[in-house]
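Welcome! Please take a moment to look over the sequence and the model shown here before reading on.

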Amino acid sequence: MISGYENLARASSRPYADNPGTGALGHGGALCDLLGVHFTRAYADTPVRYVLNHPGVVSTGFAGEYDPATDSRIESLRTHGKPTATAVAQILPFLDAPPVRLTAVLEGRRVSTDTPPFDPADAEHLHRITVRLLAALED
């Protein structure tokens, strides 16, 4: 399964597209999408609405020490990432009034959740795996 977020990372011609962390972020985004799908199905009898947000690259702290190659990529992220205020402004309309029970937002634009990356069967499968992993931590 490839989410729209992973496609964005792979196809992007932006300077930060070659950051190895981008793939991990894309995969994490896809998993969060599925957890959102499961949540809205599991709690369908509640008024809770769920908003998934991928703001794109945001110029935040990037704290830490990096090797020279990674430091160069981090500097590119700092330079080309959008300001935090812009990222927040893009999601606020969806948080203030979510249009549907499950809303996905990619850089300020609503994304359809009637697509394979939001497959309910995949969401249920991920939920079962997550429950098993968490239960194993309790042993």
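## About the model

This is a predicted model, in which local features need pLDDT of at least 70, side-chain atom pairs count only at pLDDT 80 or more, and totals for chains, interfaces and linings use all residues. Residues are numbered from 1 along each chain as its sequence is written, and side-chain values use heavy atoms, with hydrogens and water left out.

Helices (H or I, at least four residues) and strands (E, at least two) are DSSP runs, numbered from the N terminus.

## Helix α3

Let us start with α3, which covers residues 68-80 and has 13 residues. From its first C-alpha to its last, α3 reaches 18 Å, close to the 18 Å expected at 1.5 Å a residue; the expected span is 1.5 Å times one less than the number of residues. At the start of this helix, a side-chain oxygen of D67 comes to within 3.1 Å of the backbone nitrogen of A69.

Which residues of α3 are buried? They are T70, I74, S76 and L77, where buried means under 20% relative accessible area, exposed over 50%, and partly exposed in between (1.4 Å probe, protein chains only). These four lie on the same side of α3 because they cover an arc of only 155° around the axis, the arc being that of the directions from the helix axis to the C-beta atoms. In general, an α-helix has 3.6 residues a turn, so residues three or four places apart point the same way. P68 and T79, on the other side of α3, are exposed.

## E107 and its partner

E107 sits in the loop between β2 (102-106) and β3 (109-111). Its relative accessibility is 13%, so E107 counts as buried. The side chains of E107 and K82 are joined by a polar contact of 3.3 Å. Such a contact is a pair of N or O atoms within 3.5 Å; within protein, one must be able to donate a hydrogen and the other to accept it, and residues adjacent in sequence count only if both atoms are side-chain atoms.

Look next at R49, in the loop between α2 (20-42) and β1 (50-54). With 44% relative accessibility, R49 counts as partly exposed. Leaving aside residues up to four places away in sequence, R49 touches P98, P99, V100 and R101, contact meaning heavy atoms within 4.5 Å. The R49 side chain also reaches the backbone oxygen of P98 at 3.3 Å.

Finally, P117 lies in the loop between β3 and α5 (120-138). P117 is buried, at a relative accessible area of 11%. P117 and A30 are 87 residues apart in sequence, and their C-alpha atoms are 7.0 Å apart in space.
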